[in-house]
Amino acid sequence: MEYRRIPHSNLEVSELCLGTMTWGEQNTQAEAFSQLDYAIGEGINFIDTAEMYPVPPKADTQGETERILGNYLKKSGHRDNLIIATKVSAPGSKSDYIRPNMALDWRNIHQAVDASLERLKIDTIDLYQIHWPDRNTNFFGELSYQQVDDNEQQTPIIETLEALASLVTAGKIRYIGVSNETPWGLMKYLQLAEKHELPRVVSVQNPYNLLNRSFEVGMAEVSHREEVPLLAYSPLAFGALTGKYLDDKWPQGARLTLFKRFSRYTGTQIALEATKAYVELAREFKLSPAQMSLAFVTSRKFVASNIIGATNLKQLKENIDSINTCISPELMVRLDELAQIYRLPCP
């Protein structure tokens, strides 16, 4: 396992990060503990969660993932060896049950941090992230920006930054990050932080995988030139890039079998054609489709850590073993050729 320093911080994160959003829904606490034991034993020191988890988000399970992780940290004694990242939810239909009058303002952010700290059973969150923007913009697969001139409800970014700054000063969080952001949004956070001497965003957590390379269009240059690396989520496109859903197969217990609402990577013919092409390319090079897909993401220079997830130890072992998979120059050429044929099939 390699470790990468996140610029403008003292966070040294493992190249793979353990994602947690199935814990409390598809995975029991005992299964989550087994995943943590194995991942930590393999050198992973970076764990990512969110107040909204598990997924799919529901009022009766909200916060359960953080509670499970907190129980593990208390039992295992591993807290000092790990970097813990979590997220605050923004307003929207996915989160309106979490707190009344949801916003990314001082009250909501302070309440969210205190609740997360209690569930996690820790004193300080290492990386605290805005889960998605509180404004009209493109995220969660949207491409066509729609201008809203009147009555747009949003919390000004400066207000969000000031709330986060007060929590850094209080010692409740160490560093801040954003998630599901756009180039404009990330640059605005950086501009306001510099102008008003507020904490700087050190990372951006956006989707990135062979079916969704939209990060490369505008965000990658910002990431590079402003030194704000990507924490890549959905590197296997909800598991689609393993090939297990091809030919109309729906494995028992798999996420997309259980939750048909998640059709981002399987809901169109072009998505299925692109997936099949990548799976066949992996097999041509005698590689596991999952490991090839993960190794591609991990190899990108703008990626600080690749967030993997699994619902069983067999999957987790295969995913972690992707650090031993090399993307050869020849394979990279072929991957880029497919990217030209299938241009952003699943943004």
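Two residues are in contact here when they have heavy atoms within 4.5 Å of each other. Keep in mind that this is a predicted model, where local features need pLDDT of at least 70 and side-chain atom pairs count only at pLDDT 80 or more, while totals for chains, interfaces and linings use all residues. Residues are numbered from 1 along each chain as its sequence is written, and side-chain values use heavy atoms, with hydrogens and water left out.

Let's start with His131, which sits in the loop between β6 (125–130) and α4 (157–169). Helices (H or I, at least four residues) and strands (E, at least two) are DSSP runs, numbered from the N terminus. With 6% relative accessibility, His131 counts as buried; the cut-off for buried is under 20% relative accessible area, with exposed over 50% and partly exposed in between (1.4 Å probe, protein chains only). So what is His131 in contact with, leaving aside its neighbours within four places in sequence? The answer is Ala50, Met52, Tyr53, Lys87, Val88, Ser89, Ser179 and Asn180.

Ser179 takes us to strand β7 (residues 173–179), where six of the seven residues are buried. β7 pairs with β6 in the parallel sense, over five bridges; for two strands to pair, DSSP has to find at least two bridges between them. In this pairing, Ile125 stands opposite Ile173 of β7.

Now for the rings. The structure holds 11 aromatic pairs. In one of them, the ring centres of Phe33 and Tyr72 are 5.2 Å apart and the planes are at 70°, so the pair is edge-to-face. To pair, rings of Phe, Tyr and Trp (its six-membered ring) need centres within 6.5 Å; planes under 30 degrees apart count as stacked, over 60 as edge-to-face and the rest as tilted. Phe33 belongs to helix α1 (residues 29–41) and Tyr72 to helix α2 (residues 64–76), so this pair links distant parts of the chain, 39 residues apart. Both Phe33 and Tyr72 are buried. Elsewhere, ring pairs join Tyr208, Phe215, Phe296 and Phe302 into a cluster.

Helix α10 (residues 313–320) is our last stop. Its buried residues are Leu316, Asn319 and Ile320. Looking down the axis of α10, these fall within an arc of 95°, so they line one face of the helix; the arc is taken from the directions from the helix axis to the C-beta atoms. What covers them includes β3 (16–19), α1, α9 (289–299) and β10 (303–308).
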